[in-house]
Amino acid sequence: MQLALSTWQEVESYLERSTAIIIPIGSTEQHGPNGLIGTDAICPTRIASGIEEKVEVLVAPTINYGMAQHHMAFPGTITLKPSTLIHLVQDVVTSLQQHGFTHFYFINGHGGNIAPVTTAFCEIYHASGTSNATTPRCRLANWWRDEVIGKLAADLYGEAEGHHATVSEVALSYFAHPEAVKDVAMSPEIAPNGEIYDAVDYRRKFPDGRIGSNPALATVADGEKFYRLAVDSLATDYKAFTTGDAS
Ligand code: NI
């Protein structure tokens, strides 16, 4: 059930059955020569819609912008300041809390969001105090960090999976949007690895935007494999989270 395609009466009746909601969160940022700028939002959005087919759940509109300051030397990237993202997450959770939602399951597609979103959770918990019986519960599920995803990526691509514009995320985005698949030769085949500081440093060290990957290996068929694994794993994790059994 999609929040954006529901009426308020349908949401009211959903709340009688469940007070949990899934919120996909991504980023709008460069993903190398063949990766889509929407990759980090497309992947969690598609995974959330797969979970929706298996479990009765309400899915909020995707937060399409994230903390992508380090990608700003590449055209098309849009970033939120970390402070903006912290406030945005707090406002989304607080709004839903007022309607009776208690469990907020964020499916994240972007590493740069982890620190601000986790900070927002701290602010939310702190604001609810120590005597409130309805303290909210928030969870950040980083789909690409799931053990089964890492194993499949290692089996299929070895070190060519990389760290940014990874083969697995490009493949999953291609599965979600086969009409947008790009055929681009990579040079070098596998991008270099290394540390980055700021946006200028990033582009100087990694001129085509990739870090450590060869996303020319990404295919729609592989993307479907990552999609199915992510849906199964996160649906199980979501159920454990909503019943209080999550680790
Ligand atoms: Ni990404």
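In this predicted model, Glu161 sits in the loop that connects helix H5 (147–157) to helix H6 (167–176). Glu161 is buried but takes part in no salt bridge. Its nearest side chain of opposite charge belongs to Arg145, 11 Å away, whereas a salt bridge requires the nitrogen and the carboxyl oxygen to be within 4 Å. Leaving aside residues up to four places away in sequence, Glu161 touches Ala153, Thr166, Val167, Ser168, Gly212 and Ser213.

Elsewhere, charged side chains do pair: the structure holds 9 salt bridges. One of them joins Asp232 and Lys54, with an N to O distance of 2.8 Å. Asp232 belongs to helix H8 (residues 220–242) and Lys54 to helix H2 (residues 39–54), so this pair ties together parts that are 178 residues apart in sequence. Asp232 is partly exposed, at 41% relative accessible area, while Lys54, at 51%, counts as exposed.

Other pairs lie within a single helix. In helix H5, Asp155 and Lys151 are 4 residues apart, about one turn of the helix. Their salt bridge has its closest N and O atoms 2.9 Å apart, and both residues are exposed.

Helix H7 (residues 199–205) holds Asp201 and Lys205, again 4 residues apart, or about one turn. The two side chains meet in a salt bridge at 3.0 Å, N to O. Asp201 has a relative accessibility of 8%, so it counts as buried; Lys205, at 29%, is partly exposed. Arg204 also belongs to this group: salt bridges with shared partners link Asp201, Arg204 and Lys205 into one network.

Methods
Residues are numbered from 1 along each chain as its sequence is written. This is a predicted model: local features need pLDDT of at least 70, side-chain atom pairs count only at pLDDT 80 or more; totals for chains, interfaces and linings use all residues. Side-chain values use heavy atoms; hydrogens and water are left out. Helices (H or I, at least four residues) and strands (E, at least two) are DSSP runs, numbered from the N terminus. Buried means under 20% relative accessible area, exposed over 50%, partly exposed in between (1.4 Å probe, protein chains only). Lys and Arg count as positive and Asp and Glu as negative; His and the chain ends are not counted. Contact means heavy atoms within 4.5 Å.
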